Amino acid sequence: MATKFKVGDKVRWNSEAGIVSGTIIKIHTADFNYKGYTHHATKNDPQYEIKSSKTDQIAAHKESALTKL
């Protein structure tokens with residue numbers, strides 16, 4: 001299954017601080033450790049690393065949490 005997004009895409013998502021936007025920097029298709037937690041990802045349910053355009057912080061989210069800009 002092809003991913004909905006690709007590296008370089010601009011996306012937005014909801015966070016505790018409100019709507020955040022950023023750029024996808026990496027796509028994970030296997031489980032990975034990030035910020036002390038194991039994030040589960042597969043080819044059919046990938047997770048994306050996104051760099052916030054406002055704070056430069058990195059976040060990891062599933063495809064269902066993201067909206068392409």
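Before anything else I noted how elements get named: helices (H or I, at least four residues) and strands (E, at least two) are DSSP runs, numbered from the N terminus. With that settled, I found aspartate 56 in the loop between S5 and S6. Its phi is near 65°, a positive value in a residue other than glycine.

Some ground rules for my notes. This is a predicted model, where local features need pLDDT of at least 70 and side-chain atom pairs count only at pLDDT 80 or more, while totals for chains, interfaces and linings use all residues. Residues are numbered from 1 along each chain as its sequence is written, and side-chain values use heavy atoms, with hydrogens and water left out.

**Another positive phi**

I looked up lysine 35 next, and its phi is near 50°, a positive value in a residue other than glycine. Lysine 35 sits in the loop between strand S3 (32–34) and strand S4 (37–39). Is lysine 35 buried or exposed? It counts as exposed, at 58% relative accessibility. My cut-offs: buried is under 20% relative accessible area, exposed is over 50%, and partly exposed is in between (1.4 Å probe, protein chains only).

**The aromatic pair**

I found one aromatic pair in the structure. Phenylalanine 5 and tyrosine 48 form it edge-to-face, 5.6 Å centre to centre with 80° between the planes. The pair links distant parts of the chain: phenylalanine 5 is in the segment before S1 and tyrosine 48 is in strand S5, 43 residues apart. For the record, rings of Phe, Tyr and Trp (its six-membered ring) pair if their centres lie within 6.5 Å; planes under 30 degrees apart are stacked, over 60 edge-to-face, and the rest tilted.

Both partners turned out to be buried: phenylalanine 5 has a relative accessible area of 3%, and tyrosine 48 has 0%. I also checked what phenylalanine 5 touches (contact means heavy atoms within 4.5 Å). Leaving out residues up to four places away in sequence, the list includes Val11, Ile24, Tyr48 and Leu66.

**The core**

Which residues make up the largest nonpolar core? I wrote down nine: Phe5, Val11, Trp13, Val20, Ile24, Tyr48, Ile50, Ala59 and Leu66. The elements that give two or more residues to this core are S1, S2 and S5. A nonpolar core here is a set of buried Ala, Val, Leu, Ile, Met, Phe, Trp, Tyr and Cys residues joined through side-chain atoms within 4.5 Å.
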